Amino acid sequence: MQTLLNKYCRLLSWLMAASLALMVLLVFTNVVLRYALNSGITVSEELSRWLFVWLTFLGAIVALNERTHLGTDMLVSRLNATGKKVCLGLGHLLMLFICWLLFKGSLDQVKINWDSTSAAMEVSMAIFYGCGLVFAVSGAAILLNDFWRLLSGKISDAELIGIRESDDMPHGDPHP
C-alpha cells in the first residue's frame, strides 16, 4: 500500500511542478503584456489563483505522506514507546476526523457550486472546491495506512515521533 501511495505522491509532485510552471508563465506573460501592449490574458489571474489553491492542497497530501508537516515533540519525546504509540494513534484518529469534516464540507460546497461558474474562465466552481475532496480522501488513505501499520506493529520506533529536526539540534545534528 505504501508503494502505491508513494507513486501517487510522485504523480502529485509532477502535477504541482507543472502547476507552478504554468502559474509563473501565466503571471509573467500577463505582466509583460500589460506593460508592453496595455493588454493581458483575461483568465490569467483567476487560473493562477485556482492553480495556487490546488497546489497547496496537493502539497499537503505529499507532505502528509512524507511526514514533513510541522509539529512539536516536547511531550511525546519524553514518553516511553507505549505512550508514543498511544499519542500517535490518538493523533491519527483526530486527523481522520478532520479529514471527514473537510470531506463533508467540501462535498457540500461542490454540490452548492456545481452550477455556478467562475467570472473569467466560466467553468464550474465545483472544480475549485474539489481540491478539498481530493485532499480529504487522499489524506484519509495515508492516515489509515499509517494507523494500520501502527496497530499491526509494522511501524518503527523512529516513526513514532514525526519530527525530523528540532530547534535544540541545529541543522538536524543529533550531537551539537
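**A walk through the model**

Arg-149 and Asp-146 are both buried, where buried means under 20% relative accessible area, exposed means over 50%, and partly exposed lies in between (1.4 Å probe, protein chains only). These two residues form a salt bridge whose closest N and O atoms are 3.5 Å apart, a salt bridge being a side-chain nitrogen of Lys or Arg within 4 Å of a carboxyl oxygen of Asp or Glu. Both lie in helix α4, three residues apart, which is about one turn of the helix; helices (H or I, at least four residues) and strands (E, at least two) are DSSP runs, numbered from the N terminus.

Before going further, please keep in mind that this is a predicted model, in which local features need a pLDDT of at least 70 and side-chain atom pairs count only at pLDDT 80 or more, while totals for chains, interfaces and linings use all residues. Residues are numbered from 1 along each chain as its sequence is written, and side-chain values use heavy atoms, with hydrogens and water left out. The pLDDT, which is the predictor's confidence in each residue on a scale from 0 to 100, averages 90 over the protein chain, and 91% of the residues score at least 70. Over residues 171–176, however, pLDDT stays under 50, and the model has five contacts beyond four places in sequence for this stretch, a contact meaning heavy atoms within 4.5 Å.

Asp-146 also forms a salt bridge with Arg-67, with the closest N and O atoms 2.7 Å apart. Because Asp-146 lies in helix α4 and Arg-67 in the loop between α2 and α3, this pair ties together parts that are 79 residues apart in sequence. Asp-146 has a relative accessible area of 5%, whereas Arg-67, at 26%, counts as partly exposed. Through salt bridges that share partners, Arg-67, Asp-146 and Arg-149 are joined into one network.

How many salt bridges does a search of the whole structure find? The search finds four, and one of them is formed by Arg-49 and Glu-45, with the closest N and O atoms 3.2 Å apart. Arg-49 and Glu-45 are four residues apart in helix α2, so about one helical turn separates them. Arg-49 is partly exposed at 43% relative accessibility, and Glu-45 is exposed at 53%.

We can now turn to the aromatic rings. A search of the whole structure finds four aromatic pairs, where rings of Phe, Tyr and Trp (its six-membered ring) pair if their centres lie within 6.5 Å, and planes under 30 degrees apart count as stacked, over 60 as edge-to-face and the rest as tilted. In one of these pairs, Phe-128 and Tyr-129 have ring centres 5.2 Å apart and planes at 90°, so the pair is edge-to-face. Phe-128 is buried at 18% relative accessible area, while Tyr-129 is partly exposed at 27%, and together with Trp-50 they form one aromatic cluster.

Finally, consider two residues in loops. Asn-38, found in the loop between α1 and α2 (44–66), has a phi near 55°, a positive value in a residue other than glycine, and Asn-38 is exposed, with a relative accessible area of 70%. Glu-122, placed in the loop between α3 (81–112) and α4 (126–151), likewise has a positive phi of about 55° although it is not a glycine, and Glu-122 is exposed at 60%.
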